[in-house]
Amino acid sequence: MLFKRKKICTGLLIAFGGTGVLAPSVSFAQSAQPEALNRVEITGSLIRRLASETATPVITLNVEELQKAGVTNAEQAVRFITQNQGGTVTSGSVSGTNGAAAYADLRSLGAQRTLVLLNGKRIAPNPFSTVATDLNTLPMAAIARIETLPDGASSIYGTDAIAGVINFITHRNYRGGSIDASAQVTEAGGGNVYSGNLLGGIGDLNKQGWNIMGALNVRQSKPLGGTERDFAATSYQPWNGFNALSPTAFPANYSQGTVSGNPTAPNCDPPGSISVPEVSGANAGRSIRCFADTQTFTNTLPKQDQQSVFLRGALALGSDHTASLEYFRSMNNVETKIAPSPEGGLTMTPLSPYYPGRGITPANPALNPAQNLSISWRTTALGSRSGEQENTTQRLLAGLEGVVAGWDYQANLFASSAKVDNFFLNGYPMTQPLRNGVSGCAVPLVSNVCPAGQQLMFNGAPLYLNPFGAQTANGLAYLQANQVLGQVQDGEAKMSGATANFSRVIGKLPGGSMALALAAEVRKEEMIYNTNIPKVSQAASSGLAGSGALRQGDRDISALAMELSMPVVKGLELGFSLRGDKYSDFGETINPKLSVRYQPNDKILLRGSANTGFTAPTLTQLYAPNSTTFTSTRYNDPVLCPNGVPAANAVPSRDCGIQFQQLQGGNAQLTAEESKAWTLGFVVQPTREFSVGLDYWHYYIKDSISVIGEQSIFADPAKYAALFVRCSQAPAARQTAIGACQIPGGDPLAYVINTNLNLGDVRTNGIDIQMNWEGAATPWGKFNASVRGSYVLKYEFQVEPNGRWFNPNGNYNAQFGGPVIRYQQVTTIGWQKGDWSSQLTNRFVNGYRDQNAQGAPFNVAPFNTNKVGDYSIFDIAVTYRGVKNLTLSAGVLNLFDTNPPFTNQVSRFQSRAYDDRFHNPLGRTYRVAAKYEF
């Protein structure tokens, strides 16, 4: 064996991985076939070795123990990695088209800088919204453990490993079989989760020379309605100083010049429509408009269905070579529901029977009954807007490994694809028919008048839509008949290539054997987006009008890498790795890494590393289709309503205190990022039972790729004047789709540009800590405990080259779009006696200073000095193995029914008054599971 295990190694296996959910070596659950702990491929190294012999910490999570803490998919699993921050979560797809994805985000450096692998190899990224492997597509039934290297790894893996690597590793040479099922039922209702796994394998690769294994996973997560939890049941919480209501409501608001109002205010139509006092202008203190409480119509958590199949076969070719073939296919379907479509730019003429004062709708003496009204209406008659995003990801991997001429080698061919289809299921009205329905005119108005003989007819009768009350049967039929439904968009990412690496001992040094590894990789990346422009252009609320029917791109990448392990003297090992990447569209880069590992005795280990990194813009960042969507909060047009005061040619309901449109998507002018990182740490094991480790880490990234953010743009309209696009400047297709551009008066704001840009630099540092205790057997059983934490000392970033540094560490930052969590911790306590075992898990997330950007009247203390509280929840599980081949488990998640802490931020459209990136809304949940092995 190339490396010998020393006394400290056994302890360090615990120190690196912890106990309970963090250490397969002390897991109470055993797989049907224990897997070898000899020299293996370790995440972060090209040289096969023990995890304890690396100079940088590799954190290992055991899947069977994670399941006891309620983990049923990969998105939940990465929350137990304390170096991982909020990132993109599946619930985010409720308020946007992100491909129904979830992504890892090590060190808050972004999903695009966190490389997620399956068995050490890449998977095609999700083609929508962002730039990384979708956690929702990983075949969890086949996963045995998860290894995380929270350190820069571009010298081994190439680009997108600046922040580190998370490697999902499947069972190997598995024999036997198991079937398991679990159910998680919430005490308060909604959000239940059901899952089942089937795992089986035959043949012994070591004895028979072959092995075939397969795994099947099925998981369903039920939706959670926006009003099913008291703490988030409404978008208006004056007791908390929180107002996230939308000014586009039903019954509709109207305006005529400087006059605005609602014929039903202040009663409106609760709970989905309520009225609150105006805070400025001539109507300050009066309730003259209605506001939509979108929680009434929105699912906080979407419905999610996941299925995956994983197959692997291995065949020994003599004593020195093994061939393998691996295939997985996963499907992730997410069905979302958001508030009914908000429609502006509607015109009601005095001919409408619903015009105020004509007998059906109450009059307003301030109106000129001979002039048209501008209408802002939410189409609740159609119900919530609902959609479905379907992601199908697959990968075929053929491998050959063994020994030739003294070299350990591994070679692979792979092909992977990820395809996402986006469907509209309900609630997206066609824009022009809706405008015609309100005006009662079969064609667009000419000089604000319906041409003679153009009365709108439907089902043989004249038709006017009623934006202030219930529709007639004919009006409802008209709305239902004029929706945009079906598939509106699809995207596909493809990746194919080959890898090969060779390693061997090349000599002797005073400290032991010197090893060398060489590696090569070639791959091709492709992406394509198709948007059904004729269909989406009919619905302004789709946000996709004018995005372009086809967007595509591709690139070729080749790389060479090497790694050298040099035990220069006893206890001291130096490591050096180097990788060069060549991109067909971004040139070449070379990135080295130096590491040191010093073990002066059996109780102390010192370690450190330094590296550089490089990240080319992904194809998604470059070519993702542009789309418009509403801003997450309300703003004032800086020209037509500066500081909330309407200008002479303004329309208050269009220009003041509303959600404007923002343009999002790719940018083909991006340039690459570069990074530097280093770590320094130690592990001390004073006794056989106890160990403690600490690692300091530091990252610096240049030319970071991100978006400026809507809040920054509106906060400084002079600085970002070029990002404000007026209706007169907007392309014709977008101008037609945007309601504000249809309302006369001035030159309204069409949208702000908020696409990907090369911004400034990012710098962050902090400390990771781990403590582990493995107790000896006692008459009361055997106990163990672990604590893992990550503390961010500093996090700063710029939104422009050489610009001001912003600090989101421990505080919500508008430019960052949220906070960086200063400290996270996972603590586990385990117990085992005979056939019984139990596990108590605590997850702690530090609080932070809130956004505190609510407008009047909530812009005063204590509302504008809020601090989001700490979040600490406990999960407990009890397991019984007293029946042959059967494992029974029961537990309670969120044992003390702890609610998420309140936040007044409004950027998380689907999660009012809490942040779904860090906190769980489900509350106390009961879990039962059973597993039968055969």
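Figure 1. Where pLDDT is low, the predicted coordinates should not be read in detail. For the chain, the mean pLDDT is 89, and 93% of the residues reach 70 or more.

**Figure 2. A nonpolar patch on the surface.** The patch is formed by Ile-179, Leu-198, Leu-216, Val-218, Tyr-932 and Phe-934. Together these residues have about 550 Å² of accessible area. Leu-198 belongs to strand β6, residues 193-202, and counts as partly exposed because its relative accessibility is 38%.

Figure 3. Helix α5 spans residues 431-439. Of its 9 residues, 8 are buried, so α5 is largely enclosed by the rest of the structure. The buried residues are Thr-431, Pro-433, Leu-434, Arg-435, Asn-436, Gly-437, Val-438 and Ser-439. Their cover includes β18 (342-348), β19, α6 and α11 (732-737). Just after α5, Gly-440 takes a positive phi of about 75°.

**Figure 4. The buried side of helix α6.** In α6, residues 473-481, the buried residues are Asn-474, Gly-475, Tyr-478 and Leu-479. They cover an arc of only 140° around the axis, and therefore lie on the same side of α6. An α-helix has 3.6 residues a turn, so residues three or four places apart point the same way. Among the elements that cover the buried residues of α6 are β19, α5, β22 (457-458) and β23 (461-462).

Figure 5. Thr-379 is found between β19 (373-378) and β20 (385-404). With 0% relative accessibility, this threonine counts as buried. Beyond its neighbours within four places in sequence, Thr-379 is in contact with Pro-340, Ser-341, Glu-343, Pro-429 and Leu-434. Leu-434 is also one of the buried residues of α5.

Figure 6. Most residues other than glycine have a negative phi, and most peptide bonds are trans. A cis bond joins Phe-250 and Pro-251, with omega about -5°; Pro-251 lies in the loop between β10 (242-243) and β11 (253-256). Another cis bond, with omega about 5°, joins Ala-856 and Pro-857, and Pro-857 is placed in the loop between β43 (848-849) and β44 (867-868). Asn-802 has a positive phi near 60°; this residue is in the loop between β39 (782-798) and β40 (805-806) and is exposed, with a relative accessible area of 76%. Asp-897 has a positive phi of about 55° and counts as partly exposed at 32% relative accessibility.

Methods. Residues are numbered from 1 along each chain as its sequence is written. This is a predicted model: local features need pLDDT of at least 70, side-chain atom pairs count only at pLDDT 80 or more; totals for chains, interfaces and linings use all residues. Side-chain values use heavy atoms; hydrogens and water are left out. pLDDT is the predictor's confidence in each residue, from 0 to 100. Patches are made of residues with over 30% relative accessible area and no salt bridge: like charges are joined within 9 Å, nonpolar side chains (Val, Leu, Ile, Met, Phe, Trp, Tyr) within 5 Å. Accessible areas come from the Shrake-Rupley method with a 1.4 Å probe; for residues, only the protein chains shown count as cover. A salt bridge is a side-chain nitrogen of Lys or Arg within 4 Å of a carboxyl oxygen of Asp or Glu. Helices (H or I, at least four residues) and strands (E, at least two) are DSSP runs, numbered from the N terminus. Buried means under 20% relative accessible area, exposed over 50%, partly exposed in between (1.4 Å probe, protein chains only). Contact means heavy atoms within 4.5 Å. The arc is that of the directions from the helix axis to the C-beta atoms.
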